[in-house]
Amino acid sequence: MTDNAAAVAAKPPAAKGGSRGLNVAIGACAVLAVLGIVLWVVQLSGGMIQTAMRNLDSWGLYITLFMFFVGLSAGGLIISSVPKAFGIRGFGGISKVAVMSSIAATVAAIAFVVVDLGQPVRMWELFAYSNLGSPLMWDIIVLMTYLILSCVYLWAQVRNERGKVSHTALRVISVVALVCAVLVHSVTAWIFGLQQSHEMWHTALLGPWFVSSALVCGTGLVLVIAIALSKAGYLSVERANLVKLAKLLGAFLMVDLYFFGCDLLTEAFPAAGGVAIVEMLTSGPLAPFFWGEIVLSVAAAVICFVPSLRTNPLMALAGVAAILAILCKRVQLLVGGFQVPNIEWPAIMTPSTITNWQGNLEQAYAGLVYWPTPLEFGVALGVIALAVGIFLLGIKMLPLKPAPGED
Amino acid sequence: MREGKVVRVAAARMEERDDANYRRICVKGYAQPQRLYDPDRVKYPMRRVEGTERGAGQWERVSWDEALDEVAAKMRAAVDEYGWPSVALWNSYASCGVLNGSGAGSVAYGRFLSRTGATILGPGADWAQMFFAYALTLFMGNDIADTPNANTILVWGSNPTDAYPADWQFVCRAREKGAKLITIDPQFTSAAMHSDRYFAIRPGTDGALMLAMANYIIDNDLVNEEFMKARTVSPLLVKGDGTYLRASDLGITPQEGPVNPLTGQPTVIDPLQVWDAAAGAFADAATAADPALMGDYDAMGQPVQTVYQLVRGKIGEFTVDKAADICDLLPDDIEWLARTYATEGPVYIHTNQGLGHHANSHHNYKNLMFIAALTGNAGVPGGTPLGHAALGFGSFPTNPLPFVAGTEKSLDICGMYLPDIMETGKWAGKDLPIRVLWVNNGNPLCNESGRLELIEAVKKVDFVVTADITMTDTACYSDLVLPIPHVFESEDFMTMSFTPYPPFQRKIVDPLYECRTDLEILRDLSRRLGMDDLYTKTDEEYLREIMDTPANLAHDAGYDAFKDNRLVRNYTINDDEVFIDKFALTKTQRLEYYLERPFVRNNFGQEVAEYERYPYYTRANESYWENPLREKYPLFGLGQHERYHVHSQLATTPVMREIEPEPLLRMNARDAAERGIAQGDYVRAFNDRGSVVLKAKVTEGIKQGVVSIPHGWNASQYVEGHAQDLTNRYMNDFCSNSCFYDFLCEVEKWEGGE
Amino acid sequence: MTRYGMAIDVRRCMGCNACTVACKVANDVPEGVFWTRVLTRGGDAPDAPAGENPAVSMSYYTLGCQHCENPACVKVCPVGATYRDEATGIVRQDYDKCIGCRMCMSACPYTGVRSFNWEEPGYAMDFALGDADIAPHQKHVVEKCTFCYQRIARGETPACMDLCPARARFWGDLDDPESEVSQAIKGREYQHLLPEQGTSPSVYYLV
């Protein structure tokens, strides 16, 4: 997982070198993306047996990162659209960059679904034979809409700056985009939350919680980007705005932790099946991710809330910590969902049963039930590079710098 | 069948009256298409590469001509120098087909043996039970289909769920009618799982439990005296020499009876005597009003006593407490068992060979007969001490003459003696230089007990040839391996069957590769040996000669009927009655727990001990609690019939190995914990004879202190060694049964590999 | 309306896997895949009981697709590749349509009854075993027990039902009170697996 974080973190220095550095970074992203595609072809031709996913843990890194990038995509759009939708002061000229980050993250989310498919060439069926009752179908629709809306919104902002689109129109678009952003997280949550088969996922809280988590990592991302781009001289954001963002991040973190607490309490209180899940998180195989999330969230919140700590580097650190905390959350959710089987009675094990199939089920579940293979990391890195590349291309090609007087 | 290939196997439909009882298939049957096309099959005659060690695994393909020329040359050389007994045919139970099956009961081998007098080396497996039932007493027990008549079912020394799955449904039916199910087994089988009570007995001590039950039944007046008097040997009188008192002993001249159709001689009528308490005198057993069960009497000067009295005098030491100690059971449990056995009959004891794999095993069968005699749990619907698929032994009538082509008498001994024979060059004091070994219908170097000794003996034989369908462990130690076909590839007929439908083996597909049947091979070989007239007929002609007896034809049960129809019912089996053994075949026409004239299976001059006559318990050879060897090797060995094997058949059949990829050593979880062994660890089981490295299956499904080795796996499927390397070649010389379970060992975590 | 179903007598089942292999051969199920398997309810390994010898206990459950009346898998499939055949009550899977997203696997509460072909299906034999009219297995799609749709379409029983050595399996139309399966269930205590999931399975376990 740290690879992804590294990829995100690697961006600011890349941008630092100005246009040459930017070009190099875009080139590097392109190379990684092509490499990812090559690995994806390897995965498709040689079979997904090369991934660590198996029947009893049938989703892995890709769907984890799908959830994660859907979340990341939120922040930008929301940060940018809320002020416009409600007609309040914004965060100082980062609106378009923020939306650009949303677009890039959405592309990554969609790409992660695609690389997870066994039969991507049959994707057209999604439109031909749509089962509108399937949460995955909802998500595909909402994600596509969201991507298009983000682009439209970005375009509208630019046009607005040039006086081609009215403020009212922009405001309408921003409201629609905001609704769509909330929906996209809820629907993503419902892919998991509507499955009664995984006790860990099956909670009404999952929808709002996804929204709150999305706000955490999205805000974190915008904060990091804002500081980085400021440092790179691409734009200048007032410290007050950064502090505002940080405070917001702190608040979102608190909400997210509150939801986490609610969920844990609800799972554990009946002292029934849910206890297994709480134990798995707090002291079981997922403990590093659980405590990782808690520690990172608290650390980020402390930076956000203690005035003396709100220096630029520390706030950037808080942003990164918040992003990583949510990544930990995603891992817990996805792997955790498969970590507790409904029926754990032992039976024949074959190489397609479960990742660690060469023992009994108890042994397979003793540690992390799933850990990705290098191929999966490679494909994931490619997808992330694609997203980063798109973002950097946006920075390079599009007029994303703040318009004079923009707030 | 599709496009010339067998693609699926299903159970045959039977006549409606039989469908519920006898329609059957099991997991191994369903897997047959994969056995037929098993990639591991021997495809061509293979010769050990010149200059390589036997067992080194280096083979070259040869033509049938080359192969059989070599066999003929080796046989001729041996025969010229030492005579035909120097050629030995080592076989087991793989087939009992009338054309290609084991030993003297087939055209292929029967004609060859009766013409040449070559030596037969038979299996040691299962002879404890078989020798008692089929040689000493001719007591078959009730057929499995009688189980639903039982009030209590005692699964003892059998595994009707894994080893004999066709039996299980009958047990289920009985249970659904309210019968109690009890399992006595050191291993927790599926049958044990379904049982009302389960008793984890220490291996090899069942005989002591039986005698303790007998004593408890006697001491608590639970004896069915009426049954004892009328249906068992109990009131018969025994003379000092152990034989029965007959009318002639009392001065009454025997009379001539009807002519025996087999011998053509008149039978002798010399009635067995009992003491008629009503008359106060000796009387014919068949007519006495009130035969005495106990007592010493004077028969014209010689002291006699009843069988019951004699036996009671012999078994008294086996009290409930003593047996509890020996068997590692609670005294209360033994009493409960005895009481249940005596009072909740009829009791059907479901037993196969699980009681027969120790050196003391053969006594178990006398002991079982004794407790059945005491309680009347024999010869009645639902009640038998030997319950299993018995129907088959009323086999389909055929003409055995085609099995004979000469008058030579072959020496027929247990193959387990091969090491002794190779060591001394003698059998029973006479020279027996075995030079050529022809292994057929069996895989002794994988399946028999005491594998390492057998391998050493095989290595001493000049020339070893094995005919088999796959490259078995025995084939691996041969000089020449001859490919024979799967049952779907050749026509044959089996007279023995566990259903009323004798299996006619239809040729469904042509033999694959270069496979030839045993009969074809011997046909060719006999010509090379100058016996052109040994097999003059075609397979079909032989089958017709065997099957088309006038009686069979009259019942439309000849070759054509079998060939045309899918199933032909054995017309000698009574329509709807289930087979209940009412002792019609025993010499005394009574349930026999006493052997008047015990004899040994393989006579090499050994004495028959007195205790062979009566119910008895003695410890096993190696696997017993007090054995000082337990300090070094504390674990009792055991084995089992594997669910996904037919002995070593199916060892490499893909789907079976997908379900169960590798051999597992079952060991108790507490024993494993003491040794730092976790589920799925590789372990080394060893004793002074040998060792094996394999995966451990840690389970509470086996008694503490006991480990169970897997059965039927090829040497190549173990990490190192072979499970049978732990086992012992020692046999008691009374019935010469392989003692698969009679061994001790220790297990340690295996640190090699990775 | 026909609603095919199965009853499995847990008090008879001996865990022999005959159904497993019958299914595997009849449907030419690829290596590494089982549409129905025997599960051991007891200890931590197949055929291992719970407890401490001799006070141990165990039971077997053969588990394949439960062909639920309210199937979790059908709802979530984005393209309708898994669907419930209303004429038979059978939950079917259209390999040609499946996009391999594995939503159904994740949604199905019955752990492990669905299987994804993680690579090109492999076979021990170099020719197809089993029925001629089975849908060819495909790489990267989800498959599962079909109740031997091809066989019941011909009026036969599913392969696992052909003959269970323990005679522990009963088959037929649950809506027909005279069917073998309805008769088997009648008067017996039965269990559905994971009833709290609300899926209303067509497989009954007689206990």
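Which residue takes a positive phi just after H4(A)? Gly87(A) does, with a value of about 65 degrees. The model is a predicted one, so local features are given where pLDDT is at least 70, side-chain atom pairs count only at pLDDT 80 or more, and totals for chains, interfaces and linings use all residues. Residues are numbered from 1 along each chain as its sequence is written, and chains are lettered from A and ligands numbered from 1 in the order in which they are written.

Chain A has 15 helices and zero strands; helices (H or I, at least four residues) and strands (E, at least two) are DSSP runs, numbered from the N terminus. Its C-alpha trace spans about 70 × 45 × 40 Å along the principal axes. A compact globule of 407 residues would have a radius of gyration near 22 Å, and the 21 Å of chain A agrees with that. The radius is taken over C-alpha atoms, and the globule rule is 2.2 Å times the number of residues to the power 0.38. In chain A, 56% of the 407 residues count as buried. A residue is buried if 20 or more other C-beta atoms lie within 10 Å of its own, exposed if 12 or fewer, and partly exposed in between, with C-beta atoms placed from the backbone. Of the contacts in chain A with a separation of 6 or more, 80% come from residues 24 or more positions apart. Two residues are in contact if their C-beta atoms, placed from the backbone, lie within 7 Å.

Helix H4 of chain A covers residues 61–86. At 1.5 Å a residue its 26 residues should span 38 Å, and the end C-alpha atoms are 37 Å apart, which agrees; the expected span is 1.5 Å times one less than the number of residues. H4(A) bends by about 30 degrees at Ile78(A), the bend being the angle between axes fitted to the seven residues ending there and the seven starting there. Because 22 of its 26 residues are buried, H4(A) is largely enclosed by the rest of the structure.

Chain A also touches its partners. Its contact with chain C takes 40 residues from chain A and 46 residues from chain C. On the chain A side, helix H6 (125–128) and helix H7 (135–161) each supply at least two residues, and the largest share, four residues, comes from H7(A). That side divides into 19 nonpolar, 17 polar and four charged residues. Here Ala, Val, Leu, Ile, Met, Phe, Trp, Tyr, Cys and Pro count as nonpolar, Asp, Glu, Lys and Arg as charged, and the others, Gly among them, as polar. With chain B, five residues of chain A are in contact with four residues of chain B; the chain A side has one nonpolar, four polar and no charged residues.

In chain B, the peptide bond from Gly345(B) to Pro346(B) is cis, with omega near -5 degrees. Pro346(B) lies in the loop between helix H13 (331–343) and strand E15 (347–350).

Chain C has a cis peptide bond joining Asn53(C) and Pro54(C), with omega about 5 degrees. Asn17(C) is not a glycine, yet has a positive phi of about 70 degrees. Asn17(C) is buried, with 29 other C-beta atoms within 10 Å.
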